[in-house]
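Work through these exercises with the structure open beside you. Try each task before you read its solution.

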Amino acid sequence: MGTKVFDRIKARLPAGDGEACVSHGVLVANLAPGAVETAARSLKTEFGFDVFLDVTAVDWLGQEPRFEVVWHFYSTAHKVRVRLKARVAESNPAVASLTPLYGSAAFMERECHDMYGIVFEGNADLRPILLYEGFVGHPLRKDYPKDREQPLVPYRDWVAAERGGS
Amino acid sequence: MGTRTIPIHQAGSSGKSAAFEYLSTRKDELVGWARKFSLFPYPFVTACCAMEFMAVSSSPYDTDRFGAALPRFSPRQSDLLMVVGTVTHKQAPILLKVYEQMCEPKWVMAFGVCATSGGFYQNYAALPGIDKVIPVDIYIPGCPPRPEMVIDGIMQLQDKIARAEHLIVNKEF
């Protein structure tokens, strides 16, 4: 049943970077960043993908374009998942927000913005959600130092004395 | 057959009593003895160590035996801050505020490796040990610590309290 839906979706998706394929039972499609919003709209309205599962990103440090934004959708009617992927460059890591289609995307886009610095154009509220105001940088980027600390409460005196002395 | 009665002495009637009426001791020992058996913990519980905290504070292990069980969910009524679990940088201001709201005398227990040193977390989010922001009296390692270790920690803290100097009058007084 899933494969029939997948064939219809594949025929409907715009030609992106390579053809869509089925991986571990999930339809995976690489798209241009500009094509994601249209593809998501047709998934929702034509194929009954009513659940927005997640949006996240992958940092391919050293490659160009550097970031890969990944969306997952689920259809409660067909019981299948679809994954959309789009590559964006570090200089302009922007994709369209899916909040007009899925209200639940708002918080997940905020988290993705926190962790990777992806800008979701159209999401009106990209304040930090898991991080705090004043946090500099995006911690899940591969070039964020793993031992960098940005404490909100100043450390007690002994910490600086010990670190300075060692 | 006569009825046996136990004679009852009216207090002060004979001028002599079996119980002692006077006691001489050191002030610090007396106050320390009282304080070590009346620890009211405030559980600052943030992570999975909470399960172990529940285990150690409920009947099988029963920290109530040490006078250290009844959790007070107001920092103003408690004198032992038990930090149970990972504290993140985002939570550190809350922890500091709770600590500052506690009245003297107060003690802090770091429960588990995360509260002690950050444990296996070394990243952007986790505070590497609560002693970076507040003073800690007793550290309990373990991920999570066994109830026996927690009980041992409480007993060591009680020893520490018993040995400490207890100022009844404030330094600024």
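**Exercise 1: Two helices of chain B**

In α1(B), the residues Gly32(B), Trp33(B), Arg35(B) and Lys36(B) meet Gln158(B), Ile161(B) and Ala162(B) of α5(B). Two residues are in contact if their C-beta atoms, placed from the backbone, lie within 7 Å. Helices (H or I, at least four residues) and strands (E, at least two) are DSSP runs, numbered from the N terminus.

The model is predicted: local features need pLDDT of at least 70, side-chain atom pairs count only at pLDDT 80 or more, and totals for chains, interfaces and linings use all residues. Residues are numbered from 1 along each chain as its sequence is written, while chains are lettered from A and ligands numbered from 1 in the order in which they are written.

Task: sort the residues of this contact by class, then describe how the helices α1(B) and α5(B) pack.

Solution. 
- Step 1. Use the classes: Ala, Val, Leu, Ile, Met, Phe, Trp, Tyr, Cys and Pro are nonpolar, Asp, Glu, Lys and Arg are charged, and the others, Gly among them, are polar. The contact of α1(B) with α5(B) then has three nonpolar, two polar and two charged residues.
- Step 2. Take the geometry. Helix α1 (residues 27–36) and helix α5 (residues 147–163) of chain B pack at an angle of about 155°, and their axes are 7 Å apart. Axes are lines fitted to C-alpha atoms, for helices over the stretch in contact, and angles run from 0 to 180 degrees between N-to-C directions.
- Step 3. Name the arrangement. That angle makes α1(B) roughly antiparallel to α5(B). The cut-offs are: under 35 degrees roughly parallel, over 145 roughly antiparallel, 65 to 115 roughly perpendicular, the rest oblique.

**Exercise 2: Chain B as a whole**

Task: how many helices and strands does chain B have, and in what pattern?

Solution. 
- Step 1. Count. Chain B has five helices and four strands.
- Step 2. Read along the sequence. The pattern of chain B is α-β-α-β-α-β-α-β-α.
- Step 3. Look at burial. Of the 173 residues of chain B, 34% count as buried. A residue is buried if 20 or more other C-beta atoms lie within 10 Å of its own, exposed if 12 or fewer, and partly exposed in between; C-beta atoms are placed from the backbone.
- Step 4. Turn to the partner chain. Ten residues of chain B are in contact with 13 residues of chain A. On the chain B side, five are nonpolar, three polar and two charged.

**Exercise 3: The sheet of chain A**

Task: give the strand order of the sheet in chain A, and find its edges.

Solution. 
- Step 1. Write the order. The open sheet has five strands in the order β1-β2-β5-β4-β3 (chain A), with mixed pairing. Two strands pair if DSSP finds at least two bridges between them.
- Step 2. Find the edges. β1 (21–23) and β3 (51–59) of chain A each pair on one side only.
- Step 3. Check one pair. β3(A) and strand β4 (residues 67–75) of chain A pair in the antiparallel sense over eight bridges. Asp59(A) has Phe67(A) in β4(A) as its bridge partner.
- Step 4. Helix α3 (residues 105–116) of chain A lies across β3 and β4 of chain A, at about 10° to β3(A).

**Exercise 4: Loops and a helix residue**

Solution. 
- Step 1. Locate Pro65(A). The loop between β3 and β4 of chain A holds Pro65(A). A cis peptide bond joins Glu64(A) and Pro65(A), with omega about -5°.
- Step 2. Move to Lys79(A), in the loop between β4 and β5 of chain A. Its phi is near 60°, a positive value in a residue other than glycine.
- Step 3. Count neighbours. Lys79(A) counts as exposed because it has 10 C-beta neighbours inside 10 Å.
- Step 4. Compare Ile9(A), in helix α1 (residues 2–12) of chain A. Ile9(A) is buried, with 22 other C-beta atoms within 10 Å. Not counting residues up to four places away in sequence, Ile9(A) touches Leu27(A), Phe47(A) and Val82(A).
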